[in-house]
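This report describes how the parts of one protein chain are arranged. Look at the sequence and the structure first, then read on.

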Amino acid sequence: MDDLKHPLVIKVGGALLDEPEKNLAVIDALVALHHGSTVHGAARHGGVVLVHGGGLLVDRHLARLGVVTERVDGIRVTPPDVVEEIVGVLAGRVNTQLIGLLASAGAAPVGLSLSDGGLCRCRKSTRYTFDPGAVGEITGGDPALVRTLLGGGFMPVVSSIGLDDAGGFLNINADDAAAAIAGIVRARELVLLTDVPGVLDADGRVIASLDRDAIERHISDGIIKGGMIAKVRGALDAAERSGVPVTIASWKNPASVNGVGTSTRILPLAAGAAR
C-alpha cells in the first residue's frame, strides 16, 4: 500500500474552534500526527487532512450583524446575502486562524476551500423538501491537489465552503464535507473530533467499536440516547458514504487524536473493519 494515498482525514468543530488558542495541546497533537504518529497501532500514514466547520462562530457573527438565523429541521437556511458573511467567517477568519496556530506548532499548513483544485464538485443541495438557500452537497471530486500537498509535507486545512458550477458560494455541512473528502482521497480513517470522548455503555465506559447492528441495538436498549443518537447515526452515515471507519473522539483529550486515548470507532457496513 502506498501510504501517501491513504491519509487521515480529521474534522474539527464545535467549541474547539471557538477559542482554539486556548487549546494548543490538541493543535500540537494534530501536528505530531501529521508528522508520523500512529493511529490504532498503524505505522506511519499519509499525513493529515484537516476539515473544519465553525457554526458557533457563524452564529455569533450573524447575531452581531442583527441577522436572525432561520433553521428548518436543523438546517441553516442560507440566503445569498447571508452566505457571503458565512464565507468570510469560515474560509476567512477560522481557516486563517487555524493556519496560524498549526504553523506555530511546526506544521506547514495550506488553507483551502472545498472547490480548490477541483477537490470537491459541489452543487446546491437536493436533499431537502424546502429551499435551504445556498446550502450545498458534494457529488465527487479529484484528490490530485491534496495528494500533491501531502507529498510535499504540507497539511491541507479545508473549510466547508464550496462553489457551484457558476462560481456561486455554497455552505456545506462540515461532517458531510469531511466524509466526502475521506472518500475522495481514499483516507485510511475519518476522525470526528467532538466535545465527547465517544459513545458510552450502560456503565459509563466508552464503547471501543460499533457497527450498524450494534448501534441500532444500543438505541433500542436506551444505551445510546438523546443527542448522541444523531451523532452516532451521522458517524455511521459518514462511514458508509466514505467507505472508511469513522472514529468519534474528544478534542479535549489530545491523546485520543493519536489513537491512544478513549474513542469509539464506527465501522462501515461493507467492510466491517478498517482497510
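Which residue of E8 is the bridge partner of Gly111? The partner is Val157. The model discussed here is predicted.

## The sheet

The chain forms an open sheet of 8 strands, with mixed pairing. The strands follow one another in the order E5-E8-E2-E1-E11-E13-E14-E12. At the edges are E5 and strand E12 (209–210), and each of these pairs on one side only.

Strand E1 (residues 8–12) is joined to E11 by 4 bridges, in the parallel sense. Within this pair, Val9 has Leu190 of E11 as its bridge partner.

Strand E8 covers residues 155–159. It is largely enclosed by the rest of the structure, because 5 of its 5 residues are buried. Buried here means a relative accessible area under 20%. Which residues point each way from E8? Met155, Val157 and Ser159 point one way, while Pro156 and Val158 point the other way. The residues on both sides are buried.

E8 pairs with strand E5 (residues 109–112) in the parallel sense, over 4 bridges. Strand E2 (residues 48–52) also runs parallel to E8, and 3 bridges join these two. Val157 takes part in both pairings: it is the bridge partner of Gly111, and Leu50 stands opposite it.

## Helix H2 across the sheet

Helix H2 (residues 24–34) has these buried residues: Val26, Ile27, Ala29, Leu30, Val31, Leu33 and His34. The helix lies across four strands, E1, E2, E8 and E11. Its direction is at about 145 degrees to that of E2.

Just after H2 comes Gly36, with a positive phi of about 125 degrees.

## Helices H3 and H4

Helix H3 (residues 55–64) packs with helix H4 (residues 80–104) at an angle of about 130 degrees, and their axes are 10 Å apart. That angle makes H3 oblique to H4. The crossing of H3 past H4 is right-handed.

Which residues make the contact? From H3 they are Leu57, Val58, His61, Leu62 and Arg64. From H4 they are Val82, Glu85, Ile86, Val89, Leu90, Arg93 and Val94. Sorted by class, the contact of H3 with H4 has 8 nonpolar, 1 polar and 3 charged residues.

Gly183 lies in helix H6. Is this glycine buried, partly exposed or exposed? Gly183 counts as partly exposed, because its relative accessibility is 31%. Gly183 and Gly133 are 50 residues apart in sequence, and their C-alpha atoms are 26 Å apart in space.

The loop between helix H6 (174–184) and strand E11 (189–194) holds Arg186. Its relative accessibility is 37%, so Arg186 counts as partly exposed. What is the phi of Arg186? It is near 55 degrees, a positive value in a residue other than glycine. For comparison, most residues other than glycine have a negative phi.

Terms used:
Residues numbered from 1 in each chain as written. Predicted model: local features only at pLDDT ≥ 70, side-chain atom pairs only at ≥ 80, totals over all residues. Heavy atoms only, no water. Buried < 20%, exposed > 50% of the residue type's maximum accessible area, 1.4 Å probe, protein only. Axes fitted to C-alpha atoms, helices over the stretch in contact; angles between N-to-C directions. Parallel < 35°, antiparallel > 145°, perpendicular 65-115°, else oblique. Left-handed = near helix turned anticlockwise from the far one by under 90°. Contact = heavy atoms within 4.5 Å. Nonpolar A, V, L, I, M, F, W, Y, C, P; charged D, E, K, R; others polar. Pairing = 2+ DSSP bridges.
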